[in-house]
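Have the structure open as you read.

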Amino acid sequence: MSDVLEIACDLIRRRSVTPEDAGCQRLIAARLQRAGFRVEHLRHGEVDNLWATHGTDGPTLAFLGHTDVVPSGPEAAWQSPPFEPVVRNGRLYGRGAADMKGSVAAMVVALEQFVIAHPDHRGRIGLLLTSDEEGPTNLDGVRRVVEHFRASGERIDWCVVGEPSSKERLGDLIRVGRRGSLSGTLHVRGVQGHVAYPEKALNPIHAFAPALAELAAVRWDEGNGDFPPTSFQVSNLNAGTGANNVIPGELAALINFRYSTASTADELRMRTESILRRHGLDFALEWNLSGEPFLTPQGGVLREAVVAVCRELCDLDPEQSTGGGTSDGRFIAPLGAEVVELGPVNATIHKVDECVDVADLEQLPALYRAVCERLLAG
């Protein structure tokens with residue numbers, strides 16, 4: 001069994017459902033300490049975070065990953081138990097195989113190989129791990145670590161995120177940025193009453209409907225050369241008492257913007273609330289900004305290095321995308337770092353029978369090591 005496959009299996013065996021780490025980071029820390037890395041355990045609340053570095057002066061290249069996974073769902077639906085790794089038909093099966101214990105294992109192997117081959121490399125190389133990437137708030141993971149970094153003067157110049165970015169083949173797509181995510185919890189107040197006497201009530205569903213139609217039809221921006229136009233979606237709409245003869249007194253809606261650099265969170269908030277007021281609604285709206293958009297521009301040192309590595313080792317010219325959801329890279333980019341995501345195929349992430357191609361997993365350390373060598377071997 002290869003080193004990367006062995007580490008990936010060891011990690012999958014640990015039932016690290018967010019925010020539990022289940023000993024994954026201790027396992028990794030022990031390996032990296034043996035390779036000469038300095039290790040810091042940065043626990044916040046129930047969340048484990050690990051920061052391991054090698055080297056001193058000069059630019060810092062960090063690899064970023066997470067050891068937590070989403071729940072498995074019904075274990076009986078899996079062909080094999082989700083926390084018992086199995087290689088079957090050339091694929092490694094288990095929860096986290098693709099998202100992202102496989103990438104974490106590949107990062108560890110790449111870092112070990114790099115410092116053995118280049119013990120006196122320039123700059124610093126590091127690995128940052130959290131057990132709070134898959135959680136609903138991400139309050140005590142990378143977000144909190146970045147606060148610590150700011151306070152202590154820690155620096156990251158380049159960051160490779162191991163999220164499963166590829167579509168069909170390893171290296172066919174890399175993410176060079178992500179859209180921002182702005183969510184809102186909206187409450188529209190009406191007056192409860194009997195459906196037979198609507199004149200004595202105010203139906204919040206009816207009142208909100210024209211505003212919702214306008215919100216859904218608005219062209220918030222046109223996007224730009226790096227990002228698609230901003231998207232507005234309602235993810236939940238709830239009202240009613242459960243009785244068919246009662247007009248509800250309140251409506252609750254969950255809304256979300258995935259937005260480009262062509263808009264700002266403040267602009268989206270103001271425009272949304274202006275539409276709601278124009279329709280005469282009695283409402284309360286609580287906003288949650290989970291991340292601003294970020295972009296590593298064309299010509300960025302890291303972006304060019306990752307593209308070159310994919311061309312040379314995967315024989316592919318990777319698509320350079322800003323699509324998809326969010327990642328913890330959104331917390332690293334505001335430090336002034338270039339951020340690029342490179343990882344395995346994402347076809348089975350969060351699904352029953354999650355898996356990663358073993359050949360891809362065994363090639364991934366070479367890609368990560370090649371990025372290290374392009375940036376820090378000289």
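## How α1 meets α3

The axes of α1 (residues 3–12) and α3 cross at roughly 135 degrees and come within 8 Å. Axes here are lines fitted to C-alpha atoms over the stretch in contact, with angles running from 0 to 180 degrees between N-to-C directions. Helices are DSSP runs (H or I, at least four residues) and strands are E runs of at least two, numbered from the N terminus.

This is a predicted model, in which local features need pLDDT of at least 70 and side-chain atom pairs count only at pLDDT 80 or more, while totals for chains, interfaces and linings use all residues. Residues are numbered from 1 along each chain as its sequence is written, and side-chain values use heavy atoms, leaving out hydrogens and water.

## Who touches whom

On the α1 side, the contact (heavy atoms within 4.5 Å) involves Asp3, Val4, Ile7, Ala8, Leu11 and Ile12. Their partners in α3 include Ala97, Lys101, Val104 and Val108.

## How covered α1 is

Of the 10 residues in α1, 7 are buried, meaning under 20% relative accessible area with a 1.4 Å probe, protein chains only (exposed is over 50%, partly exposed in between). The buried ones are Val4, Leu5, Ile7, Ala8, Cys9, Leu11 and Ile12. Their cover includes α2 (24–34), β4 (86–88), β5 (91–93), α3 and α9 (358–376).

## A look at Tyr368

Tyr368 touches residues including Phe63, Met107, Val160 and Leu342, leaving aside those up to four places away in sequence.
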